[in-house]
Amino acid sequence: MSTPQQGSALERVRGFAREVAKFGAVGGIGVLVNLGVFNLIRHTTDLQVVRASVIATVVAIITNYLGFRYFTYRDRARTGGSRELPLFAAFSVIGLVIENGVLYTATYGFGWDGPVASNVFKFIGIGTATVFRFWSYRTWVFKALPEAEPVQAPAPASVVASVRGGAAGTRAPEPARK
């Protein structure tokens, strides 16, 4: 997975399938956290639907970062606070806007704000934002490590000598300089 350009097409497809499965596992936990916090806030406070959703999304984003960094993309380059965290935060905010934009439109645009409708549109928003997040995280945040150059062992002295035209341990004469 850290070198997606290596190997046969089948190996690349299998690597991609493993990545999608790991992303889905972490994302599934994030969805449960997101919906759980959302419903907890909705049923225990008087907070408006979209505000409760934004808070739940932020909690899920924090949970997901830990899962992506230490499970899904643990073999990817680690750039930490200098690059990874700001990019993750930026793409997560875009995902948050996508996710909660769907809920906002359903709630305030169409008046669908009952408990079931809120959860349905929250879930649809999560699904829509997930496609964007998967692409952006794997492309920009958790970048694949560059392919390693194959290391070749040094040739034995006898081979080097035979290429130069002399016995092992002897040096070929230097060309004359003008």
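**Close-up views of a predicted helical model**

View 1. Helices α1 (9-44), α2 (49-72), α3 (80-109) and α4 (115-141) each contribute at least two residues to the lining of the largest cavity. The model is predicted, so local features need pLDDT of at least 70 and side-chain atom pairs count only at pLDDT 80 or more, while totals for chains, interfaces and linings use all residues. Residues are numbered from 1 along each chain as its sequence is written, and side-chain values use heavy atoms, with hydrogens and water left out. Helices are DSSP runs (H or I, at least four residues), numbered from the N terminus. A cavity is a set of points, on a 1 Å grid over the protein atoms alone, where a 1.4 Å probe fits but cannot get out; its lining residues have an atom within 4 Å of a point. One cavity of 30 Å³ or more is found in the whole structure. The largest cavity holds about 160 Å³ of space, a volume being the space filled by probe spheres set on grid points that are joined across faces, edges and corners. Its lining has 17 residues, and G27, N64, I126, T130 and R133 lie nearest the centre. Eight of the lining residues are nonpolar, seven are polar and two are charged. Here Ala, Val, Leu, Ile, Met, Phe, Trp, Tyr, Cys and Pro count as nonpolar, Asp, Glu, Lys and Arg as charged, and the others, Gly among them, as polar.

**View 2. The largest nonpolar core has 14 residues.** A nonpolar core is a set of buried Ala, Val, Leu, Ile, Met, Phe, Trp, Tyr and Cys residues joined through side-chain atoms within 4.5 Å. Buried means under 20% relative accessible area, exposed over 50%, and partly exposed in between (1.4 Å probe, protein chains only). F23, F68, Y73, F88, Y137, V141 and F142 have the most contacts inside the largest core. At least two residues of this core come from each of α1, α2, α3 and α4, and α4 gives the largest share, four residues. Contact means heavy atoms within 4.5 Å. When neighbours within four places in sequence are left aside, Y137 is in contact with F23, F68, F88, F91, S92 and F142. Another core, of nine residues, lies apart from the largest one and includes I41, V49, L103 and A106.

**View 3. E19 and R138 form a salt bridge.** A salt bridge is a side-chain nitrogen of Lys or Arg within 4 Å of a carboxyl oxygen of Asp or Glu. The whole structure has five salt bridges. In the E19 and R138 pair, the closest N and O atoms are 2.8 Å apart. E19 belongs to helix α1 and R138 to helix α4, so this pair ties together parts that are 119 residues apart in sequence. E19 is buried, at 1% relative accessibility, whereas R138 is partly exposed, with a relative accessible area of 26%.

View 4. R69 pairs with E84, and their closest N and O atoms are 2.5 Å apart. R69 and E84 are both buried. E99 pairs with K122, with the closest N and O atoms 2.6 Å apart. E99 and K122 are both buried.

**View 5. A56 sits in helix α2.** A56 is buried, at 0% relative accessibility. From A56 to N34 the C-alpha to C-alpha distance is 4.9 Å, and the two are 22 residues apart in sequence. Apart from neighbours within four places in sequence, A56 is in contact with N34, V37 and F38.

**View 6. V102 sits in helix α3.** V102 is partly exposed, with a relative accessible area of 23%. V102 and K122 are 7.2 Å apart, C-alpha to C-alpha, and 20 residues apart in sequence. With neighbours within four places in sequence left aside, V102 is in contact with F121, I124 and G125.

How values were computed:
On a 1 Å grid over the protein atoms alone, a cavity is a set of points where a 1.4 Å probe fits but cannot get out, and a pocket is an open set with protein on both sides within 12 Å along at least five of seven lines; lining residues have an atom within 4 Å of a point.
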